[in-house]
Amino acid sequence: MTVFHCAKCAVELTPDLQALPAVPDVSVHDRARDRKTALAPSTVPRGHYAIDPEPWGAPFEPARNPAGNEGKRGAGDRDLLMPPGMEGLVAAGPAGSAIVHPDDVRTLHVTAAGGSHWGCCGPLGTGGRNMACTCGTLVATLAADCMGPHELHLDPVRVYAFDAEG
């Protein structure tokens, strides 16, 4: 079991989480969405985490091919909904972020609301780290708009994992 901590103040950010062997596939069908919030199911189930081997989130860079498909995950499963002016860009953020269920964080809080990086229901995940530890350090990016993925990425530089089992 693994617990994630803030690298600045060492506060415990998650309970014990079980590692998944890979980032799970996500359902993009409307019938899989929560009827109350319209959110897609969380990429990672509660009590688990997965390491995303791909670059994710800010900063963004121009796609290298004319179709804008390079760097896409395919099938629209976890692609971020891009705000106006960011079309044709792909994620160039850190690889190796830990994806956790948003409800598994204990002490993080959203730091900003509104603006171009927010959809109708929540953050798009395109504006960079948007969740802070109790010490004020921005340590994670939440994507939780109804039109995109529902996941929380812990920054691999600002968060560390502690495995009590060695």
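How much accessible surface does the chain have, and what share of that surface belongs to carbon and sulfur atoms? The accessible surface comes to about 8500 Å², and 54% of that belongs to carbon and sulfur atoms (areas by the Shrake-Rupley method with a 1.4 Å probe).

Before you click around, know that this is a predicted model, where local features need pLDDT of at least 70 and side-chain atom pairs count only at pLDDT 80 or more, while totals for chains, interfaces and linings use all residues. Residues are numbered from 1 along each chain as its sequence is written, and side-chain values use heavy atoms, with hydrogens and water left out.

**Stop 1: the whole chain.** Switch to cartoon view. You'll find 0 helices and 11 strands (DSSP runs numbered from the N terminus: H or I of at least four residues for helices, E of at least two for strands). Of the 166 residues, 42% count as buried, meaning under 20% relative accessible area with a 1.4 Å probe, protein chains only.

**Stop 2: the sheet.** Select β2, β3, β6, β10, β9, β8 and β7, in that order: they make up an open sheet of 7 strands with mixed pairing. Two strands pair if DSSP finds at least two bridges between them. β2 (18–19) and β7 (109–110) stand at the edges with a single partner strand each, so one side of each has no neighbour in the sheet. Now zoom in on β8 (residues 131–132), which runs antiparallel to β9 and is joined to β9 by 2 bridges. Pick Met 131 and you'll see its bridge partner in β9, Ala 140.

**Stop 3: Asp 145.** Head for the loop between β9 (138–143) and β10 (151–154), where Asp 145 is found. Is Asp 145 buried or exposed? Asp 145 counts as buried because its relative accessibility is 3%. Show its side chain: a polar atom there lies 3.1 Å from the backbone nitrogen of Cys 120, and the backbone nitrogen of Gly 122 lies 3.4 Å from a polar atom of that side chain. Leaving out residues up to four places away in sequence, Asp 145 also touches others, including Leu 39, Leu 81 and Pro 123 (contact means heavy atoms within 4.5 Å).

**Stop 4: a pocket.** Finally, select Ala 58, Pro 94, Arg 129, Thr 141 and Asp 155, which lie nearest the centre of the second largest pocket among its 14 lining residues. β9 and β10 are the elements that give two or more residues to this lining, and the largest share, 3 residues, comes from β9. A pocket is an open set of points on a 1 Å grid over the protein atoms alone, where a 1.4 Å probe fits, with protein on both sides within 12 Å along at least five of seven lines; lining residues have an atom within 4 Å of a point.

Conventions: Buried < 20%, exposed > 50% of the residue type's maximum accessible area, 1.4 Å probe, protein only. Polar contact = N/O pair within 3.5 Å; in protein donor to acceptor, adjacent residues only side chain to side chain.
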